[in-house]
Amino acid sequence: MADVTTNKVETTEAPKNVFDLGAFVGDLTFEEDASSDDVSLDGLQQELEECKNDDVVVNILSKGTKLREHTKGVESNLRQVELDSIQEYIKESDNLVSLHDQIHECDSILSQMETLLSGFQAEIGSISSDIKILQEKSMDMGLKLKNRKVAESKLARFVEDIIVPPRMVDIIVDGEVNDEYMRTLEILSKKLKFVEVDPTVKASKALKDVQPELEKLRQKVVSKVFDFIVQKLYALRKPKTNIQILQQNVLLKYKYVISFLKEHSKEVYGEVRAAYIDTMNKVLSAHFRAYIQALEKLQLDIATSYDLIGVETRSTSLFTRGREPLKNRSAVFALGDRINILKEIDQPALIPHIAEASSLKYPYEVLFRSLQKLLMDTATSEYLFCDEFFGEESIFYEIFAGPFTVIDEHFNSVLPNSYDAIGLMLMIRITHQHQLIMSRRRIPCLDSYLDKVNISLWPRFKMVFDMHLNSLRNANPKLLWEDDIHPHYAMRRYAEFAASLIHLNFEFGDGQLELNMERLRMAVDDLLMKLAKIFPKPKLQIVFLINNYDMTIAVLKEAGSEGGKIQLHFEELLKSNTALFVEELLMEHFSDLIKFVKTRASDDPSSSSERPISVAEVEPLVKDFASRWKAAIELMHKDVITSFSNFLCGMEILRAALTQLLLYYTRLSDCIKKIVGGSALNKDLVSISSIMYEIKKYSRTF
């Protein structure tokens with residue numbers, strides 16, 4: 001009861017519209033039930049808690065009805081419902097009997113159907129067993145059929161591979177070597193490989209019957225195609241035969257013959273290979289020998305061992321042929337149009353008889369390019385043919401052993417007699433270009449040959465270059481000297497030679513060649529100074545040097561913009577010597593004026609520490625200049641015109657001289673203005689504007 005009381009206290013806080021089960025139960029009395037002493041109330045509180053949320057219980061309790069009265073009401077209702085249900089059952093008894101009968105009849109029918117279906121099930125089981133048996137038989141038959149097909153296929157293939165059809169025999173024995181013959185050879189090759197390789201064939205009885213026939217056919221084919229190929233090879237030896245066309249249009253059609261011989265008759269293949277190598281070696285050697293002989297008739301001799309920069313033109317010998325003056329043979333040292341050979345590097349080779357008919361002659365580098373071009377084209381064609389026809393690249397080197405020997409013999413006879421340094425450098429550049437061409441073609445067969453040619457050309461070029469260098473170092477200035485202030489022929493040779501080599505080296509930047517060019521420049525500088533010193537007057541020496549430097553710079557500029565350090569060197573020398581000449585020229589016509597300006601004009605006229613400048617000291621200078629300055633300038637103009645080969649250079653020097661004269665005279669005028677009484681000389685002074693006008697008058701000429 002204490003617990004119930006506690007619940008009552010706790011539920012007083014709930015909302016008023018919710019039923020308080022604890023409060024209602026707390027009013028229950030148990031005295032009305034006589035047997036209540038025997039009833040245990042254990043767990044009542046738990047059951048009340050569980051029914052707390054039941055809607056029916058809550059509804060009953062909410063009405064305040066006592067449980068016992070409610071229970072009696074419920075039992076009364078149940079009895080009434082039971083009586084009503086019995087009455088309903090009695091009313092439906094006839095229908096229930098009819099339903100029972102129908103159910104009994106259905107049970108009977110279902111029993112019959114069960115018996116019938118059981119029979120069907122037994123029959124179906126029997127049929128299923130039969131189907132399974134048939135399925136197993138079918139699978140067995142399918143497997144046997146598959147095995148038979150495989151066996152039939154292998155047997156058919158075996159029969160096809162091993163039998164020798166009569167048609168094949170007829171073609172091999174009596175047929176001509178043509179496309180059909182090639183196809184028949186392929187079939188025969190397969191059969192020969194089949195009987196040699198397949199181990200099952202060796203154990204078969206059919207092989208004993210077929211193998212002798214196959215061997216006879218093999219021997220027949222080998223004999224027949226050997227004669228056929230050898231006959232075709234002999235056609236290569238006929239004069240005027242176009243070898244490339246014969247190879248491409250005839251021999252390549254029968255390249256399978258070579259494959260057949262390589263596989264089934266190595267000895268005969270070796271004979272065919274040797275026959276082809278021997279034939280092509282001799283044919284190509286003869287062709288190159290004839291071509292070289294024809295080219296030699298077209299050669300234009302450019303230089304001999306005497307055609308050197310420092311060799312005196314008048315030197316002769318009883319044992320040397322009479323030669324025209326070297327200064328008229330500019331091709332020895334000047335590049336000129338010879339550079340065009342590098343632009344025509346991939347042009348077709350020369351046709352000698354056409355050039356000979358036109359009476360044309362060519363420098364050796366033109367012939368060299370043609371020979372190399374013919375060699376490259378021939379080697380490329382032959383290399384590709386050997387690779388495709390024989391499947392061997394090594395054959396090429398055996399074939400070309402002869403042509404290489406012929407060409408080497410030619411070079412070994414030409415190079416020792418070549419003194420044309422420009423031509424040798426052109427050949428070096430041509431060889432480099434040819435190496436690039438072969439690299440682009442991806443044909444390596446001439447790599448070692450072109451390297452060998454390059455290695456042969458460089459030492460020869462170096463030797464000829466050193467001959468030019470030594471000719472300058474060992475030259476006798478007295479023999480070379482000519483009483484002429486214009487550019488010396490040796491210097492012109494050097495300028496053209498240097499410009500040519502600089503131009504040919506521009507794209508390659510060969511450091512060794514640049515070093516040699518510097519050595520050559522130093523040697524020609526020394527020789528030029530020695531020649532200049534032979535002139536009796538310093539002015540003539542300077543004019544000689546200026547003319548040579550100016551000519552050298554002009555030649556270097558004509559060759560292109562690649563003059564570099566050498567051109568800068570000569571420009572510095574020209575500048576310094578021009579300044580010297582200007583002083584010499586002015587001293588020749590205005591020596592007193594220049595000496596006074598240099599020694600006295602800078603002094604202060606009013607200074608008492610030294611002898612002051614007087615009017616009497618200056619007056620003769622002023623009057624002398626006023627009386628003859630125009631005539632002196634005219635004489636200077638004529639002197640410059642006659643002294644310098646390059647008119648523009650002479651005019652530049654004259655303008656520099658007149659400008660320097662104006663500076664001297666301006667200093668003199670400034671000095672006079674500072675002298676006491678100097679204004680008395682104003683009437684004799686030439687105005688600066690007059691001198692400027694005269695300078696401009698001479699400047700208009702250029």
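**Entry 1: positive phi**

I looked up Arg 442 and noted that it counts as exposed at 75% relative accessibility, where exposed means over 50% relative accessible area, buried under 20%, and partly exposed in between, with a 1.4 Å probe and protein chains only. The model I am reading is a predicted one, in which local features need pLDDT of at least 70 and side-chain atom pairs count only at pLDDT 80 or more, while totals for chains, interfaces and linings use all residues. I number residues from 1 along each chain as its sequence is written, and the side-chain values use heavy atoms, with hydrogens and water left out.

Arg 442 sits in the loop between helix H19 (421-441) and helix H20 (447-473); helices here are DSSP runs of H or I with at least four residues, strands are runs of E with at least two, and both are numbered from the N terminus. I read its phi as near 60°, a positive value in a residue other than glycine. Most residues other than glycine have a negative phi. I then turned to Ser 359, whose phi is also positive and near 60°, and I placed Ser 359 in the loop between helix H15 (352-357) and helix H16 (364-389). Ser 359 is exposed, at a relative accessible area of 62%.

**Entry 2: salt bridges**

I found that the structure holds 22 salt bridges, a salt bridge being a side-chain nitrogen of Lys or Arg within 4 Å of a carboxyl oxygen of Asp or Glu. One of them joins the side chains of Glu 365 and Arg 338 at 2.8 Å, N to O, and this pair links distant parts of the chain, 27 residues apart, with Glu 365 in helix H16 and Arg 338 in the loop between helix H13 (266-296) and helix H14 (340-343). Both Glu 365 and Arg 338 are buried.

I next followed Asp 346, which meets Lys 373 in a salt bridge of 2.9 Å, N to O. Asp 346 belongs to the loop between H14 and H15 and Lys 373 to helix H16, 27 residues apart. Is Lys 373 buried or exposed? I noted that Lys 373 counts as buried at 6% relative accessibility, whereas Asp 346 counts as partly exposed at 46%.

I also looked at Asp 377 and Arg 441, whose closest N and O atoms are 2.9 Å apart in a salt bridge. Asp 377 lies in helix H16 and Arg 441 in helix H19, so this pair ties together parts that are 64 residues apart in sequence. Asp 377 is partly exposed at 32%, and Arg 441 is partly exposed at 29%. I recorded that Asp 346, Lys 373, Asp 377 and Arg 441 are linked in a network of salt bridges.

**Entry 3: aromatic pairs**

How many aromatic pairs does a search of the whole structure find? I noted 23, counting rings of Phe, Tyr and Trp (its six-membered ring) as a pair if their centres lie within 6.5 Å, with planes under 30 degrees apart called stacked, over 60 edge-to-face and the rest tilted. Among them, Phe 389 and Phe 390 form an edge-to-face pair, 5.0 Å centre to centre with 85° between the planes. Phe 389 is buried at 3% relative accessibility, and Phe 390 is buried at 2%.

I then took Phe 396 and Phe 400, which form a stacked pair, 4.5 Å centre to centre with 25° between the planes. Phe 396 counts as buried at 0% relative accessibility, and Phe 400 is buried, with a relative accessible area of 0%. Ring pairs link Phe 396 and Phe 400 into a cluster with Tyr 383, Tyr 397, Phe 404 and Tyr 449.

**Entry 4: contacts across the sequence**

I checked His 589, which is found in helix H25 (residues 564-599) and is buried, with a relative accessible area of 11%. His 589 and Phe 625 are 36 residues apart in sequence and 9.7 Å apart in space, C-alpha to C-alpha. I also looked up Lys 193 in helix H8 (residues 179-197), which counts as partly exposed at 37% relative accessibility.
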